[in-house]
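This briefing is meant to be read with the sequence and the model open side by side. It moves from charged pairs to a pocket and then to individual residues.

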Amino acid sequence: MNRVLLFLMAFSFASCQENKLPYLGTASTQGDTTIYPTIDSFTMLNQDSMEVSSNSLKNKIHVASFIFLSCPTICPQMSVQMKEVQEKTQSMDDVLLLSYSIDPKRDTIPALKAYANKIGAKGNKWHFLYGNQEEVMRLADKSYYAIAYPDSLAPGGFTHSGGLLLVDKDLHIRGVYDGTSNEETKRLLKDIAILKKEK
């Protein structure tokens with residue numbers, strides 16, 4: 001959680017400095033070119049058993065979260081905030097929402113479909129992703145800088161961060177937001193508008 005909070009503070013500071021979102025993660029250089037980290041390659045299935053991959057996300061802005069359906073703490077609040085993002089971006093074909101399940105053993109595709117229907121998620125906008133648990137947790141850690149791992153002492157059996165991650169059309173992370181906060185969701189929506197103006 002500390003890592004997410006550090007990103008939040010760095011992002012908030014940078015947003016105040018200029019009307020362009022920062023790139024998160026450690027950049028490298030090749031000659032005079034700065035190379036920013038991107039989301040690693042992946043292929044998973046959504047609640048409708050349709051493939052969603054890193055390739056299908058190119059040229060799309062996406063907002064990502066890491067959840068599990070039996071989560072007794074922050075996940076329901078995160079879904080409320082993600083639904084708000086869904087409603088506010090429904091007319092934006094270039095904005096998608098991804099909720100990666102960190103508990104594929106219990107969060108089967110039918111379970112994800114039932115949950116999506118229950119909360120009013122729209123299949124063309126909000127994808128609940130089912131994949132290999134190890135791959136999901138690797139993506140969380142290495143690509144999204146999020147926390148997600150099994151923890152027998154944590155409520156529900158997992159420790160995970162509650163951040164919503166904003167990713168641009170080139171798969172660079174551009175922001176992280178508290179997924180339980182209405183105010184943070186408003187900031188996320190404003191930042192989506194900023195990203196949409198980028199060339």
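Predicted model: local features only at pLDDT ≥ 70, side-chain atom pairs only at ≥ 80, totals over all residues.

Residues are numbered from 1 along each chain as its sequence is written, and side-chain values use heavy atoms, with hydrogens and water left out.

**Salt bridges**

- The structure holds 13 salt bridges, a salt bridge being a side-chain nitrogen of Lys or Arg within 4 Å of a carboxyl oxygen of Asp or Glu.
- Glu87 is partly exposed at 40% relative accessible area, and Lys122 is partly exposed at 32%, where buried means under 20% relative accessible area, exposed over 50%, and partly exposed in between (1.4 Å probe, protein chains only).
- Asp94 and Lys196 form a salt bridge through their side chains, at 2.8 Å from N to O. Asp94 is in the loop between H3 and strand S6 (95-101) and Lys196 is in helix H6 (residues 182-197), so the pair ties together parts that are 102 residues apart in sequence.
- Asp94 is buried, with a relative accessible area of 16%, while Lys196 is partly exposed at 33%; Asp94, Lys169 and Lys196 are linked in a network of salt bridges.
- Asp103 and Arg106 also meet in a salt bridge, at 2.6 Å from N to O, with Asp103 buried at 4% relative accessibility and Arg106 partly exposed at 46%.

- Asp151, in the loop between strand S8 (148-150) and strand S9 (158-160), is buried yet has no salt bridge, and the nearest side chain of opposite charge, Arg106, is 12 Å away.
- Leaving aside residues up to four places away in sequence, Asp151 touches Gly157, Phe158 and Thr159, contact meaning heavy atoms within 4.5 Å.

**Lining of the largest pocket**

- Among the residues that line the largest pocket are Lys20, Tyr23, Asp168, Lys169, His172 and Glu198. A pocket is an open set of points on a 1 Å grid over the protein atoms alone, where a 1.4 Å probe fits, with protein on both sides within 12 Å along at least five of seven lines, and lining residues have an atom within 4 Å of a point.

**Backbone and position**

- Asn59 has a positive phi, near 70 degrees, in a residue other than glycine; Asn59 lies in the loop between helix H2 (54-57) and strand S5 (61-67) and is exposed, at 58% relative accessible area.
- Tyr145 likewise has a positive phi, near 55 degrees, but Tyr145 is buried, at 17%, in the loop between helix H5 (133-143) and S8.
- Thr29, in strand S1 (residues 28-30), is exposed at 60% relative accessibility.

Conventions:
Helix = DSSP H or I, 4+ residues; strand = E, 2+ residues; numbered from the N terminus. Lys, Arg positive; Asp, Glu negative; His and termini not counted.
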